[in-house]
Amino acid sequence: VLLARHQLEVSPKTASRHSAVKDALELERGWTQEDDELLKQSPNELMKLLDLEPEEFLENVLPAGPVDRWASLYDKLLHGEPRQASETFQLSILEPWTTQLERTRRVATTMPEKPEKFVRSNSMTLGDTMTDDSRLLQRIMLPPHGNTRLAWTAFGILAICWDLVFIPLMMFDLPVEVAAVTDAMSIAIFCYWLLDVPATFLTGYDSGGILEMRFRVVARNYLKGWLSVDVTILMLDILIFVVLGLNPATTEADSSLPSFRLARALRLMRFLRLLRLHKMANLAADLLDRVKTDSFMLTVNILRSLSAVLALNHYVACAFLGLALMAEGQITWLDIAGLSGVDFWTKYLSSLHWSLTQFMPATNNIAPNTAQERVFAILIVLIGLAVFSSFVSTVTNTVNQLRRMHMEHFNQETRMKSFLTQKCVSVDVWCRVQRFCRLRIVLDKKSLKEADIPMLKDLPSSLRVKLHQEIYMPALMSASWMSVELAELDEQLTLLLCDKVFSEKVASALQEVFLNGHECNEVVIPGGPLVYRSSRLDEVVKVDQGAWLCELCLWAHWEHRGQLDAREVVHYIVINGAGFASLLSKHGGPLFHRIRTIGLLYIALAEARHEDGRDQLTDLPLPYGQAQDVTGRAMQFSNMQPGHVRHGQTVAGLGSMLGGV
């Protein structure tokens, strides 16, 4: 009876319905004046007649069509004796929606009036976030991997690199212009690290795979960790600023002054800033987590090794130059090389040149002269032997990894050429296949899918569900028939749908996503612009991002009624129809019954559109208004409780009517 109501409301009004029913009655028992008067009534009057005499109305007035076929399906499920249906077009419902399950029947008969929301267990799983109850604290807390914290981290890395380069240079008497720049940068870096202390108090951290965002826990972790080191370095900077501010003109000429010796000692203590190098490793790791290509990562590894060697040579050069400047009354390498009277930067670059030659096979015209210089040179040669060997080994291994990455694609291309040569294909086909294969190689590098990363298969189940929730839940909620209220009927099952039946694919330019007449097993949700062609449509349709194509395959067997093409590289999400139905049928519950009701109404509406003939049935989604109408009807049917109508006829909602299926 409810299906009859649904057909009366969705079928074309006035002339088309009048003509369809008239043709059906003429074929069966002849057309009468009484029938003509009956069909001139409004839909509301017909529905009143349906309530008064449902059996007579169904048998004598309503034309054979979707309702007759649904009645046949219902009789078959209950008695195994299907009635005859006169219509040839029929969508065959998927078996999981019609399988008789004891668990499903029990859930359908004992369903509460208002389903309870899913209550999360107290046990923590990987990927969970610990938050405070205070909304104010949650608003000011920063996630450790957010864009704001990432930008702040980048400034921190630049500050550490500045200290790494200029702290040893500050031990010398730099030119006035350079000294002014270093003093200004020292103040700026001090301000940065001063602000970093409260910023660290407000930044969450990863604790064993769980994101900790509670202010008290974050503060306690910082107090036990780097707070004492950060405060000590900041206090040292303040002391240096005060001493140098009181004695701004201290130079080598007045080195006997106590204030100068104190300033020199404080400059040496600036090396304590380099304790932040440990922070730099963590900050750089946070930045590199954003890198998405293996080639770039390997290139960064080479540059990082080279930077480490250059930094080591920078400190060796400063130490070698410092030995020469502190050796009073001795002939040093500066005197032998004739560099005693040159400017500071020439001395430094000459010392850096000598340092690089100790680590690499190169020559120079500088040699140590004093005993201290020769002992230092011997130590550097021994260290350089180990460092240079390690550097060469690292670069070699990285280059070999790059070669292995490209070797697989090279072997595939070689086998492809051999195959085409053996089959004696034409030059045109040869070039097209080769061009596509090369494009596919580039596409595989830029468009990674989950299946391309074997390590993701080893993720813990809880973390994998979290990952799939973030990737696929927006796509699920974009369905025209989906809502927050529907997802809350069974939140666990909703997450399981995202984890089990959703997957991602990539279509290259000019590639067909599906072809006309082929069996449809998947819903297609484009992540970019696609083009749909069908002989049932007058023009080509541009499919927008997020549209659900072939929705009917979730509930019924379906064949594609057009062709979907990609004009450019497009990611798209697919939903396995059989897996979707099987998973919901296996778990049952209110979500299963609601989605099954939506599916039955979708199929009835699709068959009505096909019978009408004016609205061609294609793979495109239903208009939003019709989809919302179907969803609203499904909710009404699910909320209806068994009641009595006139003449003792019992009317139940569609969900309870098929509850024993």
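Accessible areas are computed here by the Shrake-Rupley method with a 1.4 Å probe. On that basis the protein, a predicted model, has an accessible surface of about 36800 Å², and carbon and sulfur atoms contribute 59% of it. Its secondary structure consists of 26 helices and 14 strands. Of the 661 residues, 39% are buried. Among contacts with a separation of 6 or more, 76% link residues 24 or more positions apart.

**Packing of helices H9 and H10**

- Two packed helices are described by the angle between their axes and the distance between the axes.
- Helix H9 spans residues 147–169 and helix H10 spans residues 176–201; their axes come within 10 Å and cross at roughly 140 degrees.
- H9 is therefore oblique to H10, since an angle has to be over 145 degrees to count as roughly antiparallel.
- The crossing of H9 and H10 is left-handed.
- On the H9 side, the contact is made by Arg149, Trp152, Phe155, Gly156, Ala159, Ile160, Trp162, Asp163 and Phe166.
- H10 contributes Val181, Thr182, Met185, Ile189, Tyr192, Trp193, Leu195, Asp196, Ala199 and Thr200 to this contact.

**Helix H22 and its two partners**

- Helix H22 (residues 491–500) and helix H23 (residues 577–587) have axes that come within 11 Å and cross at roughly 150 degrees.
- That angle makes H22 roughly antiparallel to H23, because angles over 145 degrees fall in that class.
- The crossing of H22 and H23 is right-handed.
- Leu493, Leu496, Leu497 and Lys500 of H22 meet Phe580, Leu583, Leu584 and His587 of H23.
- H22 also packs with helix H20 (residues 461–477), at an angle of about 95 degrees and with the axes 8 Å apart.
- H20 is thus roughly perpendicular to H22, given that this class covers 65 to 115 degrees.
- From H20, the residues that meet H22 are Arg464, Val465, His468, Gln469, Tyr472, Met473 and Leu476.
- Their counterparts in H22 are Thr494, Leu495, Cys498, Asp499 and Lys500.

- At the start of H23, a side-chain oxygen of Asn576 lies within 3.3 Å of the backbone nitrogen of Ala578.
- Gly588 follows H23 and has a positive phi, near 60 degrees.
- The buried residues of H23 are Gly577, Phe580, Ala581, Leu583, Leu584 and Ser585.
- An α-helix has 3.6 residues a turn, so residues three or four places apart point the same way.

**Buried residues within helices**

- Ala475 is located in helix H20 and counts as buried, at 8% relative accessibility.
- Leaving out residues up to four places away in sequence, Ala475 touches Phe502, Ile525, Trp548 and Ile573.
- One of these residues, Trp548, is 73 residues from Ala475 along the chain, and the C-alpha atoms of the two are separated by 9.1 Å.
- His314 belongs to helix H15 (residues 294–326).
- With a relative accessible area of 7%, His314 is buried.
- The side chains of His314 and Tyr348 are joined by a polar contact of 2.5 Å.
- Apart from its neighbours within four places in sequence, His314 is in contact with Leu164, Val165, Pro168, Leu169, Tyr348 and Leu352.

**Cysteines with positive phi**

- Cys424 is a residue other than glycine with a positive phi, near 55 degrees.
- The position of Cys424 is in the loop between helix H18 (371–423) and helix H19 (427–446).
- Cys424 is exposed, its relative accessible area being 67%.
- Cys550, likewise not a glycine, has a positive phi of about 65 degrees.
- The loop that holds Cys550 runs between strand E9 (541–543) and strand E10 (558–559).
- Cys550 is buried, with a relative accessible area of 2%, whereas Cys424 is exposed.

How values were computed: Residues numbered from 1 in each chain as written. Predicted model: local features only at pLDDT ≥ 70, side-chain atom pairs only at ≥ 80, totals over all residues. Heavy atoms only, no water. Helix = DSSP H or I, 4+ residues; strand = E, 2+ residues; numbered from the N terminus. Buried < 20%, exposed > 50% of the residue type's maximum accessible area, 1.4 Å probe, protein only. Contact = heavy atoms within 4.5 Å. Polar contact = N/O pair within 3.5 Å; in protein donor to acceptor, adjacent residues only side chain to side chain. Axes fitted to C-alpha atoms, helices over the stretch in contact; angles between N-to-C directions. Parallel < 35°, antiparallel > 145°, perpendicular 65-115°, else oblique. Left-handed = near helix turned anticlockwise from the far one by under 90°.
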